[in-house]
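Let's take a walk through this fold together. Have the viewer open and follow along.

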Amino acid sequence: MDNDHFPTEEEQFQVYKQVLETMKGKKVVVRTLDIGGDKRLSYFEFPEEMNPFLGYRAIRLCLDRTDIFKTQLRALCRASVYGKLCIMFPMIATIGEFRDAKAIFEECKAELLAEGVAVSDDIQVGMMVEIPAAAVLADEFSKYADFFSIGTNDLIQYSMAADRMSEKVSYLYQPFNPAILRLVNMTIQGAHKNGKWVGMCGAMAGEPNAVPILLGLGLDEFSMSATQILKARKIVNGLSYKEMQTMAQNCLNLDTANEVLDYVKKKFPNKLYGPRASMRRLY
């Protein structure tokens with residue numbers, strides 16, 4: 001987005017290689033090109049659409065412009081030998097889209113091997129779950145994807161039909177709404193049914209009130225800013241897994257986001273923030 005041209009295969013390779021080497025064997029998850037909506041490029045002209053957030057963007061653009069997509073995938077495959085790489089496709093809505101995207105990845109991998117370029121044989125290929133249709137069909141998607149990453153920012157606004165940037169309807173951006181919790185639960189259960197892991201990369205993953213619920217639902221991995229890690233770790237250490245499982249299941253059966261938050265507060269008074277802190281009311 002800060003560039004004046006689509007980065008070349010070599011430019012991307014050098015960046016990915018540096019990241020993987022720096023992580024020294026730790027898992028690195030790279031989301032493929034996710035432009036469109038509010039992510040515009042100065043050097044690429046998007047078509048005019050009534051609702052660009054639901055239009056030509058992310059994986060939809062990449063499956064159409066395979067030249068751009070293959071450049072990134074080739075660079076990632078080349079860099080894969082320098083660490084533990086996972087690739088995930090954004091805004092997947094149908095199994096057909098995921099199959100098509102993975103087929104292009106396999107094509108890039110085969111081309112490089114034929115050229116004598118080394119490629120890791122242990123690249124996990126997964127997908128973002130940010131469209132409700134993908135969450136509902138998670139058990140089927142998990143037959144093809146190696147992992148899921150739940151993008152709660154978009155999942156919430158698509159589920160509630162409310163733009164989170166619109167002041168008049170911002171009250172509908174409700175991570176703790178039981179409908180959202182049920183979609184998260186469906187995603188996790190669908191993945192675990194086929195032995196796949198699930199992460200969360202939306203803002204919800206770093207929300208202290210959400211951590212015990214998400215752990216109770218079985219979320220495997222949390223992505224959050226560095227400043228939130230110690231607080232999240234304290235919460236996890238202060239509660240038993242059995243307690244969190246029971247609480248999470250009870251939250252699924254409540255009616256509103258406020259009821260979920262009030263339940264967590266009553267169930268674990270002072271535990272989430274310490275004796276001097278109070279749980280803030282979000283809605």
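This is a predicted model: local features need pLDDT of at least 70, side-chain atom pairs count only at pLDDT 80 or more; totals for chains, interfaces and linings use all residues.

Residues are numbered from 1 along each chain as its sequence is written, and side-chain values use heavy atoms, with hydrogens and water left out.

The sheet is an open one built from 6 strands in the order β1-β2-β3-β4-β5-β6, with parallel pairing. At its edges sit β1 (27-31) and β6, each of which pairs on one side only. Strands here are DSSP runs of E with at least two residues, helices are runs of H or I with at least four, and both are numbered from the N terminus. Two strands count as paired if DSSP finds at least two bridges between them.

Moving across the sheet, strand β3 (residues 124-129) runs parallel to β4, joined by 3 bridges, and M127 stands opposite F148 in β4. Strand β4 (residues 147-150) then pairs with β5 in the parallel sense over 4 bridges. On that side, F148 has V198 in β5 as its bridge partner. Next, 2 bridges join β5 to the parallel strand β6 (residues 221-222), and M200 stands opposite F222 in β6. To get from β5 to β6 the chain goes through helix α9 (residues 211-217), and this β-α-β crossover is right-handed. That label applies if, with the strands pointing away from the viewer, the path from the first strand over the helix to the second runs clockwise.

Which way do the residues of β5 point? In strand β5 (residues 197-200), W197 and G199 point one way and V198 and M200 the other, and all are buried. Buried means under 20% relative accessible area, exposed means over 50%, and partly exposed is in between (1.4 Å probe, protein chains only). In a regular strand the side chains alternate between the two faces of the sheet.

Now for the helices on the sheet. Helix α3 (residues 66-79) lies across β1 and β2 (84-89), at about 160° to β2. Helix α8 (residues 178-193) lies across β3, β4 and β5, at about 170° to β4. Axes are lines fitted to C-alpha atoms, for helices over the stretch in contact, and angles run from 0 to 180 degrees between N-to-C directions. Contact means heavy atoms within 4.5 Å.

Helices also pack on each other. α3 and helix α4 (residues 95-114) meet at about 55° with their axes 9 Å apart, so α3 and α4 are oblique to each other. Among the residues in contact are F69 and L73 in α3 and I104 and F105 in α4. Helix α11 (residues 241-252) and helix α12 (residues 257-267) pack at about 155°, with axes 10 Å apart, which makes α11 roughly antiparallel to α12. Angles under 35 degrees count as roughly parallel, over 145 as roughly antiparallel, 65 to 115 as roughly perpendicular and the rest as oblique. Here T246, M247, N250 and C251 in α11 meet V260, Y263 and V264 in α12.

Most residues other than glycine have a negative phi, and most peptide bonds are trans. K24, not a glycine, has a positive phi of about 50°; K24 lies in the loop between α1 (9-22) and β1. A58 has a positive phi of about 50° too, although A58 is not a glycine, and A58 lies in helix α2 (residues 58-64).
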